Amino acid sequence: MLVKLCVHSVNIGFTINNMRFIYFQDFHIKSSNPINRIGDFQNDLLDKFKEILEMSKTYGCDFILSGGDFFDIPNVGNILCDKILDLIEETGIPIYGIFGNHDQTCHSTELSEASTLYHCFKRSELFSHLKK
């Protein structure tokens, strides 16, 4: 049985075969503010990511799924990468993700070993690449 509740483009409360998880996609986090953005875009997105992690705890999720385009460009700053990975490690809930076209180098997963998302998958024990 599949149960779904959608809040702010984040699907929460999925239950399949007694597994609970949150699904999100197209996060598009980056190190710089868009030109016409008022405020701090990066911190706003980090706050939204914290909210996703907190919801996963609140709903007793077994894991979180990221459907691609976690980052807006293949390579973002190391400081931002570390902030994200620290948040994931603090939560303790595994995240499984795939490469979106914005995460890839030259639109190729095979060429993306130098990308930030690939680095996240390699560095973190809780953020893993969901492969075929």
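**View 1. The largest nonpolar core has 30 residues.** Among these, Ile 29, Phe 49, Phe 70, Phe 71, Ile 84, Ile 88 and Phe 127 touch the most other members. A nonpolar core is a set of buried Ala, Val, Leu, Ile, Met, Phe, Trp, Tyr and Cys residues joined through side-chain atoms within 4.5 Å, where buried means under 20% relative accessible area (1.4 Å probe, protein chains only). At least two core residues come from each of β3 (19–24), α1 (41–58), α2 and α3, and α1 gives the most, with seven. This is a predicted model: local features need pLDDT of at least 70, side-chain atom pairs count only at pLDDT 80 or more, and totals for chains, interfaces and linings use all residues. Residues are numbered from 1 along each chain as its sequence is written, and side-chain values use heavy atoms, leaving out hydrogens and water.

**View 2. Here are the contacts of Phe 70.** Leaving aside neighbours within four places in sequence, Phe 70 is in contact (heavy atoms within 4.5 Å) with residues including Phe 24, Phe 49, Ile 84, Leu 117 and Phe 127.

**View 3. Helices α1 and α2 meet.** Their axes, lines fitted to C-alpha atoms over the stretch in contact, come within 10 Å and cross at roughly 15 degrees. That makes α1 roughly parallel to α2 (an angle under 35 degrees). Among the residues that meet are Leu 46 and Phe 49 in α1, and Ile 84 and Ile 88 in α2.

**View 4. Helix α2 (residues 78–91) packs with helix α3 (residues 116–123).** The angle is about 40 degrees, with the axes 11 Å apart. Cys 81, Asp 82, Leu 85 and Asp 86 of α2 make the contact with Thr 116, His 119, Cys 120 and Arg 123 of α3.

Conventions: Axes fitted to C-alpha atoms, helices over the stretch in contact; angles between N-to-C directions. Helix = DSSP H or I, 4+ residues; strand = E, 2+ residues; numbered from the N terminus. Buried < 20%, exposed > 50% of the residue type's maximum accessible area, 1.4 Å probe, protein only. Parallel < 35°, antiparallel > 145°, perpendicular 65-115°, else oblique.
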